[in-house]
Amino acid sequence: MDEHKETLRVGSAVRRRRRQLELTLAVVAERSGLSVPFLSQIENERARPSMRSLQRVADAMCTTDVELLAAADPARTVEVVRAADDTDLDGSTPDARVRELTRGHHQLHALEFIGDHDEGREFQHRNDELMYIVEGAVEMEAEGRAYRLGRGDTLFLTGGVRHRWRATVPDTRVLVVAVGDHIEAVDDKGR
């Protein structure tokens, strides 16, 4: 059994997109040529559309089937990434490692940084991010302000905050958890 395989739930992506455009099921049904009950079943994960039906839904909502699949939620999964797994990302060196702590296409993304870090590189992510210092110490610059973080400290950044950081102690370990850049952070309250 392939433990890395995911089953995507595209209905949630269809619903988010439809609500984002403030469209009713009836409007999407009219534009796509599909029935309202079938679209409702797709959104509620009671029906899986064929690729042709998904293309028709995507066209009706001014997007693509690829975009809807990219925004789809994975089916309920439990995933283990072992410390011994070879998950270092490109750019890792003996003095600086970056290890993925999640695999696949998820709303939550987590990385572990071990050792030195390229302090000159500035980041700006669309969605929220949390940094936790597991071991060592870090100097962080965010929106022109400097922060010193030590073991056990956390720093939260809302989406859009420009930042850069560097380890100030050898063998520093930093955990970074973020909302995936591929996910549109939207407020579903009241919809």
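## Overall architecture

The chain contains five helices and 10 strands, where helices (H or I, at least four residues) and strands (E, at least two) are DSSP runs numbered from the N terminus. The structure is a predicted model, in which local features need pLDDT of at least 70 and side-chain atom pairs count only at pLDDT 80 or more, while totals for chains, interfaces and linings use all residues. Residues are numbered from 1 along each chain as its sequence is written, and side-chain values use heavy atoms, with hydrogens and water left out.

Of the 191 residues in the chain, 35% are buried; buried denotes under 20% relative accessible area, exposed over 50%, and partly exposed the range in between (1.4 Å probe, protein chains only). The accessible surface of the chain amounts to about 11800 Å², and carbon and sulfur atoms account for 47% of that surface. These areas come from the Shrake-Rupley method with a 1.4 Å probe; for residues, only the protein chains shown count as cover. Contact means heavy atoms within 4.5 Å. Among contacts between residues at least 6 apart in sequence, 61% join residues at least 24 apart.

## Helix α2 and its packing

Helix α2 spans residues 25-32, and its residues L25, V28, A29 and S32 are buried. Viewed down the axis of α2, the buried residues fall within an arc of 100°, so they line one face of the helix; the arc is that of the directions from the helix axis to the C-beta atoms. These buried residues pack against α1 (10-20), α3 (36-43) and α4 (51-60). After α2 comes G33, which has a positive phi, near 80°.

## V14 in helix α1

V14 belongs to helix α1 and is buried, with a relative accessible area of 4%. With neighbours within four places in sequence set aside, V14 is in contact with I42, E43, L54, V57, M61 and L68. V14 and L54 are 40 residues apart along the chain, and their C-alpha atoms are separated by 9.1 Å.

## The aromatic pair

A search of the whole structure finds one aromatic pair. F113 and W165 form this edge-to-face pair, with 5.2 Å centre to centre and 85° between the planes. Rings of Phe, Tyr and Trp (its six-membered ring) pair if their centres lie within 6.5 Å; planes under 30 degrees apart count as stacked, over 60 as edge-to-face and the rest as tilted.

F113 lies in strand β4 (residues 108-115) and W165 in strand β9 (residues 163-167), so the pair ties together parts that are 52 residues apart in sequence. Both F113 and W165 are buried.
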